[in-house]
Structures are given as C-alpha cells and as structure tokens.
Amino acid sequence: VKSRGRNGYDFFDPTMETKSLERILMENELRKAIEQKHFEIYYQPKMDIGSKQLVGMEALVRWIHPELGMIPPNRFIPIAEETGMILPLGEWILREACRQNKEWHEQGYELKVSVNLSARQIYQKDLVENIRQILNDTKLDPKWLELEITESIFVKMEEATPVLQEIREEGIQISIDDFGTGYSSFSYIKSLPVDTIKIDASFIRDVHHNQESQAIVKAIVTIAESLNMNVVAEGIELTDQAEALQLNGCDQGQGYLFSKPLAKQDFDHYLKAK
Ligand code: C2E
Ligand code: CA
Ligand code: CA
Ligand code: CA
C-alpha cells in the first residue's frame, strides 16, 4: 500500500492487531460457551432493610471457562450484546432463573427472581412470546418474575414502551436498574410502565455522610411514592448506609452487607440457615 520502512511495520498498529485478535478469540470462545452452556447463575439476596427479611434475589450470570475459570459479566456481556449472542444467552439465563425459582417455590420459599434484560432483548421481535413460553414450561407464576432493564433502552422510547406494557400485562414486574445515572432519569420516569426503581450504587456509596446523595435518595423515594412505584437500593455494604436509606424512606436493598451473589448450592444453604 505505502512505502515500507526498514522493519516493514510503519503503517501497522500492533495494539490494534492484538485487540482485534483477542476480540476474535473471545467471540469464538463465547460462541462455544453458549453452545456448551458453560455458564452459571449466581443469586444475590434482596432484602427488606428494616425486617432483614429475604424478599427475592437477583440472577447474575457467570461464565465458567474450562481453562480460564470464572469470567465476570462485565467482560463478556458487552461482547454478547454487540454480536447478538445475548439473545440465545439471555434466553438461557431467563429459563434457568425461572426453573430454579420454581424449584425454590416448591420447597416453600416464596421469592421473586429478578433477571437482567439487555436492550437488545427488548427489541427482539419474539421476546414476549419467548417469556410466555418459558413461564409456561417452568410453571413459574409470572408474579414471581421481575425484569431489570437499564435506562439505555429509552433511546428508542417509542419502541420499548409497548413491549414493556405487554410484559406487564403478563403479570411480570419491571424494574429500572442503575436509576439516576442517565441524566434524563427524572424527566421520563413518569411516562414509564415500570413497577420498581433501583437506585444506582453510586448514590449509596456515600449516602451515610453526603447530604446530596441523601437528597437524591429522598427525591427518588418521593417520586416513586407519587407514581406508585417501589424503590430498591443496590450496593449496600455498610450498616450506616442501610440506616441512612431507611431514614430516607428506602425499604428494600441488596449488597454485600446482606450477602454477595451466591452459587446455587450456597444460596440453598443460605435459605436453610434463614
Ligand atoms: P448490575 O445489574 O447493576 O448488577 C449489580 C452488580 O453489583 C453485580 O455485579 C453484583 O455482584 C455487584 N454487587 C452487588 N452488591 C454489591 C456491593 O455491595 N458492592 C459492590 N461493589 N458490588 C456489588 P456483577 O454480577 O459482576 O454484574 C455486573 C453487571 O453485569 C450487572 O450490573 C449487569 O449489568 C450485567 N449482568 C450480570 N448478569 C447479567 C445477566 O444475566 N444478563 C445481563 N443482560 N446482564 C447481566
Ligand atoms: Ca441488575
Ligand atoms: Ca444495577
Ligand atoms: Ca450497574
């Protein structure tokens, strides 16, 4: 293409090469992992902060690579979203979480499972039909399923809203994850067909000693109440944070203070110990 330098690499960016190669390998590995179902779902308890009662759990996926071990979702969910692999993966996660929750229900634990849904999944044509099929197959009552979506889906608000409405008509609940991180949060919240607002962990981190974070929590709680929505806080690590949340009217939460996300067996033990 161009004249080459002494080493022949003048127009060649080695970091780009490394990245794309790594990326190609990663995509191939991910494709294999999806075929072979090399994933596990961890469950993080969701609590009523005041009574310390367990109310449900969030399903969080982990990739268990045969050689590399556990790969956290932040490293592969974005790739799964970009490539569309999130569609088969997301369906597997949803089915597995519903199946598992039904099993716990049969053991007498009445818990709601919250499953994260990517924007890509919302725009998938047969999403609602798939969910209906999964609930039918697993026999989980839809009221024990909640879907967590992020504000990113409201880039295409007109497309997302009717899908969310259809989901709610099935009796499934919807929660807005990471709430408050998108700058338009407060302006669109009133027009959203959602049941729960999940306050982003960034407001929880300093809620016990920062008045602005307290004011934000209080504002979210006030809005939620007037719109008949529930409020949940995430990333609670300290008793002081839990107390500050309660003082400001937020009754439910999850975080390391109560428990880390647990593998199925560990969640079983957790349930028995309760
Ligand atoms: P997220 O939905 O906001 O999930 C909360 C994350 O915070 C989880 O990280 C959880 O392990 C972590 N966490 C919980 N309590 C605490 C705490 O007290 N302190 C701190 N520092 N962190 C806490 P995880 O499991 O690594 O997941 C990261 C993100 O990956 C999730 O953020 C979500 O966006 C995505 N993700 C995870 N599982 C799924 C899934 O099944 N489907 C989709 N589409 N996305 C998923
Ligand atoms: Ca979530
Ligand atoms: Ca979140
Ligand atoms: Ca997050």
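Q: Does N228 count as buried or exposed, and at what relative accessibility?
A: In this predicted model, N228 is placed in the loop between α9 (211–226) and β8 (230–234). The phi of N228 is positive, at about 65°, although the residue is not a glycine. Because exposed means over 50% relative accessible area, N228 counts as exposed, at a relative accessibility of 72%.

Q: Is D178 buried, partly exposed or exposed?
A: D178 lies in strand β6, and its phi is near 55°, a positive value in a residue other than glycine. The class of partly exposed runs between the buried limit, under 20%, and the exposed limit, over 50%. With a relative accessible area of 26%, D178 is therefore partly exposed.

Q: What distance separates the C-alpha atoms of E22 and E225?
A: E22 is found in helix α1 (residues 14–36), and it is exposed because its relative accessible area is 54%, where the cut-off for exposed is over 50%. E22 and E225 are 203 residues apart along the chain, and the separation of their C-alpha atoms is 48 Å.

Q: Which element gives the most residues to the shell around ligand 1?
A: Ligand 1 sits in the largest pocket, and the shell around ligand 1 has 8 nonpolar, 6 polar and 6 charged residues. At least two residues of this shell are supplied by each of β2 (53–65), α2 (73–83) and β6 (173–179). The element that gives the most, with 4 residues, is β2.

Q: What share of the accessible area that ligand 1 has on its own does the protein cover?
A: Among the 20 residues around ligand 1, those that come nearest are Q44, R62, S118, E237 and Y256. A nitrogen atom of ligand 1 is 3.0 Å from an N or O atom in the side chain of S118, while an oxygen atom of ligand 1 lies 3.3 Å from a polar side-chain atom of E58. A backbone N or O atom of Y256 lies 2.8 Å from an oxygen atom of ligand 1. Of the 800 Å² of accessible area that ligand 1 has on its own, the protein covers 79%.

Methods: Residues numbered from 1 in each chain as written. Chains lettered and ligands numbered in written order. Predicted model: local features only at pLDDT ≥ 70, side-chain atom pairs only at ≥ 80, totals over all residues. Heavy atoms only, no water. Near = heavy atom within 4 Å. Polar contact = N/O pair within 3.5 Å; in protein donor to acceptor, adjacent residues only side chain to side chain. Areas by Shrake-Rupley, 256 points an atom, 1.4 Å probe, with all protein chains shown as cover. 1 Å grid on protein atoms, 1.4 Å probe; cavity = no way out; pocket = protein on both sides within 12 Å on 5 of 7 lines; lining within 4 Å. Sits in = over half its atoms within 2 Å of the grid points. Nonpolar A, V, L, I, M, F, W, Y, C, P; charged D, E, K, R; others polar. Buried < 20%, exposed > 50% of the residue type's maximum accessible area, 1.4 Å probe, protein only.
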